[in-house]
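Thanks for making time this morning. Please have the sequence and the model open while I talk.

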Amino acid sequence: MTRVVLVDDHQMFRSGVKAELGASVEIVGEAGDVDEAIAVIKANRPDVVLLDVHLPGGGGVEVLRQVLPSETRFLALSVSDAAEDVIGVVRGGARGYVTKTISGGELTNAIERVAEGDAVFSPRLAGFVLDAFAAADVPAIDPELDQLTQREREVLRLIARGYAYKEIAKELFISVKTVETHVSSVLRKLQLSNRHELSRWAAARRLV
């Protein structure tokens, strides 16, 4: 039986997914944020992780970044079908992406296929994903941006939008001190001097 970890920040949704999957898979762990997810995945080594894209602590991409490479395969399960979400997790190493409108039977089938090594996408997203990666206007990999962690990117976007440190801390559920640490790290990595330069850098890359 395929061993699964379920990662989503809504307890009620996790309960619903477990009820839909029934005894078709073995749920070996659950998590509601990035840190919990990383700990549960490393402790249980599941075959497949059902991963929400938007999670407290850095999002699904941050989980992928800290866990991969490993034998565990990831299937994104999200309400979002936004291009940046889909492309972000696929680039991060997810083997598939399905939306939360999927039925229990379809989800079971998707889990089994991903466990076997297939790439699985919701029908409406499959063509979109291929087109997105084939399109000439898909942004090339940015070495400067790729050196930032997911959390550093989140802080960068909020800085560029004019958020104060206290507002960023509240938005991301972290301390002001942690925000300051992330900003210092971003400035150092990008070799910039202040938040105004950060804002211009982010705007030039359409990150705002």
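Let's start inside. The largest nonpolar core has 23 residues. Val7, Ile41, Leu51, Val63 and Phe74 have the most contacts inside this core. Keep in mind that this is a predicted model.

Who supplies this core? Strands S1, S2, S3 and S4 each give at least two residues. So do helices H2, H3 and H4. H3 covers 59–67, and H4 covers 83–92. Which element gives the most? H2 does, with five residues.

Take Val7 as an example. Leaving out residues up to four places away in sequence, Val7 touches Ala31, Ala37, Val49, Leu50, Leu51, Asp52 and Leu55.

There is also a second, separate core. This second core has 19 residues, and Leu148, Leu156, Ala169 and Ala202 are among them.

Step back for the overall count. The protein has eleven helices and six strands. Of its 208 residues, 43% are buried. Now take contacts between residues at least 6 apart in sequence: 61% of them join residues at least 24 apart. The protein exposes about 10,900 Å², and carbon and sulfur atoms supply 52% of that area.

Next, the sheet. In what order do the six strands line up? The order is S2-S1-S3-S4-S5-S6, in an open sheet with parallel pairing. S2, at 26–31, and S6, at 120–121, stand at the edges. Each has a single partner strand, so one side of each is left without a neighbour in the sheet.

Look at S1 and S3. S1 is residues 3–7, and S3 is residues 48–51. They run parallel, joined by four bridges. Val5 stands opposite Val49 of S3.

Two helices pack on this sheet. H1, residues 11–21, touches S1, S2, S3 and S4, and S4 is 73–78. The direction of H1 makes about 175° with that of S2. H2, residues 34–44, also touches S1, S2, S3 and S4. For H2, the angle with the direction of S2 is about 150°.

Stay with S3 for a moment. On its other flank, S3 pairs with S4 in the parallel sense, over four bridges. Val49 turns up again here: its bridge partner in S4 is Phe74. Which way do the S3 residues point? Val48 and Leu50 point one way, and Val49 and Leu51 point the other way. Buried or exposed? All four of these are buried.

Back to H2 for a closer look. Val34, Ala37, Ile38, Val40 and Ile41 are buried in this helix. The buried residues of H2 pack against S1, S2, S3, H3 and S4. Now check the two ends. At the start of H2, a side-chain oxygen of Asp33 comes to within 3.3 Å of the backbone nitrogen of Asp35. After H2 comes Arg45, with a positive phi near 45°.

Find it in helix H8, residues 150–160. Is Arg151 buried or exposed? Its relative accessible area is 9%, so Arg151 counts as buried, the cut-off being under 20%. The Arg151 side chain makes a polar contact with the side chain of Glu154, at 2.7 Å. What else does Arg151 contact, leaving aside neighbours within four places in sequence? The list is Pro56, Gly57, Gly58, Glu62, Leu172, Ile174 and His182.

Last stop: helix H5, residues 104–115, where we find Asn109. Thr108 has 16% relative accessibility and counts as buried. Asn109 has 42% and counts as partly exposed.

Both lead us to Ser24. Leaving aside neighbours within four places in sequence, Thr108 is in contact with Leu21 and Ser24. Asn109 and Ser24 are 85 residues apart in sequence. How far apart are they in space? The C-alpha to C-alpha distance is 9.6 Å.

To recap: a core of 23 residues, a second one of 19, and an open, parallel sheet of six strands, with H1 packed on the sheet and H2 packed on the sheet as well. That's my tour. Over to you.

Methods: Residues numbered from 1 in each chain as written. Predicted model: local features only at pLDDT ≥ 70, side-chain atom pairs only at ≥ 80, totals over all residues. Heavy atoms only, no water. Pairing = 2+ DSSP bridges. Contact = heavy atoms within 4.5 Å. Axes fitted to C-alpha atoms, helices over the stretch in contact; angles between N-to-C directions. Buried < 20%, exposed > 50% of the residue type's maximum accessible area, 1.4 Å probe, protein only. Areas by Shrake-Rupley, 256 points an atom, 1.4 Å probe, with all protein chains shown as cover. Core = buried A, V, L, I, M, F, W, Y, C linked by side-chain atoms within 4.5 Å. Polar contact = N/O pair within 3.5 Å; in protein donor to acceptor, adjacent residues only side chain to side chain.
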